[in-house]
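Me: I'm new to this structure and would like to learn how to read it. Could you take me through it one feature at a time?

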Amino acid sequence: MASLRSAARLRPLATRLTPQTSGRPRRLYATAAAVKTATSTSSGKQAFFPGEPAGPIVKTAIPGPESRKAIEDLHKVFDTRSLNMLANYSQSFGNYIADPDGNVLLDVYAQIASIPVGYNNPTLLDASATKQMVSAIINRPALGNFPSHDWASVLRTGILKVAPKGLGQVFTAMAGSDANETAYKAAFMYHRQQERGGAHVEFSEEDIASSMLNQAPGAPQLSILSFKTAFHGRLFGSLSTTRSKPIHKLDIPAFDWPQATFPLLKYPLEDHVEENKKAEADSLADVERLITTHHLPPCAVVIEPIQSEGGDNHASPAFFQGLRTLTKKHNVLMIVDEVQTGVGATGKFWAHDHWNLDTPPDMVTFSKKAQTAGYYFGNPDLRPNKPYRQFNTWMGDPARALLFRAIIEEIERLDLITNTAKVGDYLYAGIESLAKQYPGEFMNLRGKGQGTFIAFDSPRRDQFLKKAKSVGVNIGGSGERAVRLRPMLIFQQHHADILLEAMEKIANS
């Protein structure tokens, strides 16, 4: 059977992207299912998953007959209207997701950016079989009341081992929305403690009585400032800061909280320097206006390093530095929502590491690739002054914290952050070349220098996503017309070759 390097014909794009050796151009693209499994990559580097498929296998339309039957059965007891594809996880491995019909797709969507180190990762399988993990699962503690004797060790060797600089404490949570909601609560309680004169000052009788009536001062007239096209979750507080799509918000009561304009940059960046500087300056001016004039004073600003659900919208490090300056100037907390951007996807462990801030954010929320959730903080005054103020039954999940610890170990063992940065540069260059060849298909390419956190706009986005499955790739969208790439940290150059070949097929279709 032909090797992965020689299984397909050379393509014109390959000769433009890569140097020639011995009179022959090195092939850019791998060929789908050229061999059953791959132990090394097309560049000769050892594969992170030696036994994963060498490429996609497409046997039927998606969904195929077995999937359609299973979906019909599932719909009787569960709403399937948002279904992307039905998966067979026992047959999914590494970067590849399988379905009941035997189709095996290269997965660059990864459960909406939530699978960090591959399906059925052996390291995670080993971690799941330990006595410590079994105990965490079957004796699940209510962490606020009955934490396990080793909970501090679990936190220090896992979640806190990768804490953002300057943020040495954590409040653990269940999911991204939960992480943001509890961060908002911490911000409100901190603000009111400051107004009273400190955490040591007791609540007044008016505070206590009015809180039970949902009235001020016990239920203060304060807000959280977010940005247009932002996404921070679907619970009540987080939903009030979500502005990405009406479908998330319709019919749900919301708080009267302000939204600032997020700078909508023009691409290529080098061709629109002055316009983009003005857009960012105007956005910062809008933030300061709202902080100083909104009738419900913001006590925190929440922002994503890259607006993901809202269309993969970027801003420069200078913009975020300016935002941090404003929050410090007006004594407003800065909450960075790293639910989707965190844990290595941008070529740094935390996306806000790209900003080189003089002082860290006040809180950083996380979930998704961490497989657990919560928020980091540094200031001890962000702990509420009384127990049970920031509380729920579970307050996180020790089993998921243990899983995150194993994920961190796998990231370190394989140096996956460095891998993601390098492969991201390679993939970006490949798409950039495709954009030159097919200018109407790959528009506003963005994410340069941001690992594999790459996106572009497509005039036929929904058709693009559907067609991708037929050529063996599971890919996702964001906003109104963006195609967003969210591969796993184990995504390597030969996977990028397969993806680029698929994208060119779609452009030619």
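Me: Where is the place of Asn385?

Reply: Asn385 sits in the loop between strand 11 and helix 13. Helices (H or I, at least four residues) and strands (E, at least two) are DSSP runs, numbered from the N terminus. This is a predicted model, in which local features need pLDDT of at least 70 and side-chain atom pairs count only at pLDDT 80 or more, while totals for chains, interfaces and linings use all residues. Residues are numbered from 1 along each chain as its sequence is written, and side-chain values use heavy atoms, with hydrogens and water left out.

Me: What is Asn385 in contact with, leaving aside its neighbours within four places in sequence?

Reply: Contact means heavy atoms within 4.5 Å. With neighbours within four places in sequence left aside, Asn385 is in contact with Gln193, Ala199, Val201 and Phe203. For Ala199 there is a further detail: the side chain of Asn385 reaches its backbone oxygen at 3.1 Å.

Me: How many salt bridges does the count come to?

Reply: Start with the general idea: side chains of opposite charge can pair when their charged atoms come close. The rule used here asks for a side-chain nitrogen of Lys or Arg within 4 Å of a carboxyl oxygen of Asp or Glu. By this rule the count comes to 19 salt bridges. One of them joins the side chains of Lys386 and Glu202, at 3.0 Å from N to O. Lys386 lies in the loop between strand 11 (373-377) and helix 13 (398-414), and Glu202 in the loop between helix 7 (176-196) and helix 8 (205-211), so the pair ties together parts that are 184 residues apart in sequence.

Me: Is Lys386 buried or exposed, or partly exposed?

Reply: Buried means under 20% relative accessible area, exposed over 50%, and partly exposed in between (1.4 Å probe, protein chains only). Lys386 has a relative accessible area of 30%, so it is partly exposed.

Me: Where do Arg413 and Glu410 lie?

Reply: Both are in helix 13, 3 residues apart, which is about one turn of the helix. Arg413 counts as exposed at 57% relative accessibility, whereas Glu410 counts as buried at 4%.

Me: Which residue forms a salt bridge with Asp457?

Reply: The partner is Arg481, with the closest N and O atoms 3.9 Å apart. This pair links distant parts of the chain, as Asp457 is in strand 13 (residues 455-457) and Arg481 is in the loop between strand 15 (476-478) and strand 16 (482-484), 24 residues apart. Asp457 is buried, with a relative accessible area of 8%, and Arg481 is partly exposed, with 39%. Salt bridges can also form a network, as they do for Arg192, Glu195, Arg196 and Asp207.

Me: What is Glu441 in contact with, again leaving aside neighbours within four places in sequence?

Reply: Asp457 comes back here: Glu441 is in contact with Phe456, Asp457, Ser458, Pro459, Arg460 and Ala507. Glu441 is found in the loop between helix 14 (416-437) and strand 12 (443-446). At 17% relative accessibility, Glu441 counts as buried. The C-alpha atoms of Glu441 and Pro459 are separated by 6.7 Å, although these residues are 18 apart along the chain.

Me: At what angle do helix 11 and helix 12 pack?

Reply: Axes are lines fitted to C-alpha atoms, for helices over the stretch in contact, and angles run from 0 to 180 degrees between N-to-C directions. Helix 11 (residues 273-293) and helix 12 (residues 317-329) pack at about 20 degrees, with their axes 10 Å apart. Helix 11 and helix 12 are therefore roughly parallel to each other, a label for angles under 35 degrees. In helix 11, Glu280, Ser283, Leu284, Val287 and Glu288 meet Phe319, Gly322, Leu323, Leu326 and Lys329 in helix 12.

Technical notes:
Polar contact = N/O pair within 3.5 Å; in protein donor to acceptor, adjacent residues only side chain to side chain. Parallel < 35°, antiparallel > 145°, perpendicular 65-115°, else oblique.
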